[in-house]
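Subject: Structure handover

Hello,

Here is the structure we talked about passing on. Please load it first; my notes come after it.

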Amino acid sequence: MLKTQDLSYWYQNANQPLFKNVNLEFEEGESYAILGHSGTGKTTFLSLIAGLDTPKDGAILLQDQSLKKIGLTNYRRKHVAIVFQAYNLFTYMSPLNNLLTAMAITESKHAGDREYATQVLRDLGIGEDLITRNVQHLSGGQQQRVAIARTMVCDARLVVADEPTGNLDEDNTQAVITQFQSIAHDQKKCVVIVTHELDVAAMCDHQYRLENRQFTKLA
Amino acid sequence: MNFCKRAWLNVWAKKGRSILLILVSAAILMFVLAGLLIRSAAVKATNQAKAEVGATVTLSANRQAAFKQMRKSSQSKSSKRSKLTLNPVKLSDATKIAKLKHVGSYNVTSTTSANAKSYDTVSTSTGMGGGGTSGGPGKMGGKTTTSTGDTQIDGVTATSLTSDFSDKQSKIVKGRGITSSDRNTNHVVIEKELASQNDLSVGDTMTIKKTTGNKGTVKVKVVGIYKASSSSASTAGPMSTDPSNTVYASYTLANSLKGSKYANTADSVTFNVTAPSQVSQVKKAGNKVISSSKYALSTDDSSYQTVKASMSSFEGFANKIVWLVAIAGTIILALIVILMIRERRFEIGVLLSLGEARWKIVAQFFTEMIMVLVVALAIAGVGGKFVGNQLGSQLMSQAATTTQTTSSMAGQGQGGGQAAMTTQRARQRLSWPLRSVRSIWPNSVGLVLPLPSCRLCWLQEASCAWNRVKS
Ligand SMILES: Nc1ncnc2c1ncn2[C@@H]1O[C@H](COP(=O)(O)OP(=O)(O)OP(=O)(O)O)[C@@H](O)[C@H]1O
Ligand SMILES: [Mg+2]
């Protein structure tokens, strides 16, 4: 579904590229974990495939169409959903309004469907008492689950997450990864997760390590 | 329209911050609004004053030249005492000047005196009796010695054109005033005191005795009765007759009482200049028409000048306020907005990652600001009334003092009574800025805040200059 073609990236002030000639393929219905030491460029790679930045060399193809051609704003709106480590939500809204807002912006096929959004939140353990409360009054794990719910109510086929469990305890981590797995296997979306935690990576279908400016597939 | 909803959710969720922002913007807007209102009122008032405050050009005998002439002759013929020779103004000159640009109506003045025959004059209890001096210029030097009578005859074109009547110092209480149609008639308008003392009313006739020539009698008919205000009586010195003995008539009657030589002449002719700013132009043009060795044109636009001066200082102050507050306010608001946006960079990031268009993000922030500003503007509208009130009354009293001092200074050079009237007139003009503030301001503001305010000028009663003028 998503392919990188000789992808290279370097920051202006750096003397060598973060990664060079990367050729990777991500398929729908599968989950991928990206491991690597701090500062190797995992977040940078994710921001490229999320359409937040443009590659210095090479190309990213979605169903054989380059992101440039699709248009980055359009790509972000229609084809990709992003979960960050923190600050994922609109702080001045309730979980329900966060979902409804995202559905409206991304023109989801469920746009305006409160029932559906409520149902998805309930499935993720965000009960009736929480969905109309301000998100700032939710715990970190609950907030992260709302962010995951958001990727589920939008139509985007690609879901990328940067250390989504970085701030969570073991139980919450387990729950969140299970949700990502269900997004991949039940919703048949493509999930790409950057993580430091080996056990999180182990739960995904495929694992890659970014090392020495190259991605290597782990057995 | 999704961004509108987001804007509303944000403003509503952060109530405390929104209220703070509303208050800050309201304070800024309030001062700007008050300044703008005062300024626009000042501009209005200045225009109004320009239109309403009269300026005049007066044609009279050239006294300076006459004095010079007198001194010269007294030096050459040292033995004899020479006399001041003043030339009465020719009406033919006046009609020429009247045709000049910017000259409106004009009033011919010819003053003389006569003696009472069929009636008794009013005598002031403290006065010196009937025989004071009266009669203005217009005594021909030479053979005819003119004795003065006890009744002053003020010959005019129309009473309404005289300063006493136009300034409401004198008022017609019965019948009518002298008009230009009274030319070549013996119609007169007498003072109320004189009328009641002699039991005279409109339609009655009275007889006066000439003080010149054959000293014959003339029958005149009363067409109107006027009331002179006490202030004009008090301006009269102890040596003059009681002001109630002043009789208004057409200048033709005054001229015929003076003698046949005076036909078609006048002591002075006062021209109203329609555009006060053009006074000096009119004077220049007028000087080309007349013989400057015999006649002189003097101007009086002092009230216009004082009004103009005080208004421009008023306007300047309001201008400064507007600029100062607007600049300071913009800086403060800009800083607040910058801080707000810095604080919200994560939110912007999320919006961008969702694929929201940039302009919609900007539009959301603008909508939030507009929501705040609308409420702030409403508050400023109410609060501006207070600020405008305070500022306005302070400026007013300042301006009124300036006017008073300037006009009394001008008055010293020109003659007291005139200056007193000028001051009063100028003070009435000055209440205008605040009156127009009231007209600009929606009436509903008054309903929201019922304050005891002057009916005429929008100010609170205690600080109202207009009220002070009236009392
Ligand atoms: N905007 C930038 N300009 C210049 N250099 C940058 C910029 N952002 C990141 N870098 C550098 O690029 C390198 C890769 O950064 P990146 O955030 O992709 O690392 P990461 O693999 O996500 O690390 P971590 O595991 O700590 O999150 C780092 O050395 C970082 O200092
Ligand atoms: Mg990172």
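The notes below go from chain B as a whole to the charged side chains.

Please keep in mind that this is a predicted model.

Chain B overall

Chain B contains 16 helices and 12 strands. It has 471 residues, and 44% of them count as buried. Among contacts in chain B with a separation of 6 or more, 79% are between residues 24 or more positions apart. The accessible surface of chain B is about 24,000 Å², and carbon and sulfur atoms make up 59% of that area.

Salt bridges

Side chains of opposite charge can pair when their charged atoms come close. Over all chains, the search finds 11 salt bridges. These are the ones I noted.

In chain A, the side chains of A:Asp64 and A:Lys3 form a salt bridge, at 3.3 Å from N to O. A:Lys3 sits in strand 1 (residues 2-9) and A:Asp64 in the loop between strand 5 (57-62) and strand 6 (65-66), so this pair ties together parts of chain A that are 61 residues apart in sequence. A:Asp64 is exposed, at 58% relative accessible area, while A:Lys3 is partly exposed, at 28%.

In chain B, B:Glu356 and B:Arg6 are joined through their side chains by a salt bridge of 2.9 Å, N to O. This pair links distant parts of the chain, 350 residues apart: B:Arg6 is in helix 1 (residues 2-13), and B:Glu356 is in the loop between helix 11 (345-353) and helix 12 (358-414). B:Glu356 counts as buried because its relative accessibility is 5%, under the 20% cut-off. B:Arg6 is also buried, with a relative accessible area of 1%.

Another salt bridge in chain B is between the side chains of B:Asp267 and B:Lys258, with an N to O distance of 2.7 Å. Both of these residues are buried.

There is also a salt-bridge network in chain B, which links B:Arg344, B:Glu347 and B:Glu368.

Negative patch on chain A

Which residues gather in a patch of negative charge on the surface? They are A:Asp169, A:Glu170, A:Asp171 and A:Asp199. Of these, A:Asp169 lies in the loop between strand 8 (158-162) and helix 8 (170-185) of chain A. A:Asp169 is partly exposed, and its relative accessible area is 44%.

Regards

Methods
Residues numbered from 1 in each chain as written. Chains lettered and ligands numbered in written order. Predicted model: local features only at pLDDT ≥ 70, side-chain atom pairs only at ≥ 80, totals over all residues. Heavy atoms only, no water. Patch = residues over 30% accessible without salt bridge, like charges linked within 9 Å, V, L, I, M, F, W, Y side chains within 5 Å. Areas by Shrake-Rupley, 256 points an atom, 1.4 Å probe, with all protein chains shown as cover. Salt bridge = Lys/Arg side-chain N within 4 Å of Asp/Glu carboxyl O. Lys, Arg positive; Asp, Glu negative; His and termini not counted. Charge placed at Lys NZ, Arg CZ, Asp CG, Glu CD. Helix = DSSP H or I, 4+ residues; strand = E, 2+ residues; numbered from the N terminus. Buried < 20%, exposed > 50% of the residue type's maximum accessible area, 1.4 Å probe, protein only. Contact = heavy atoms within 4.5 Å.
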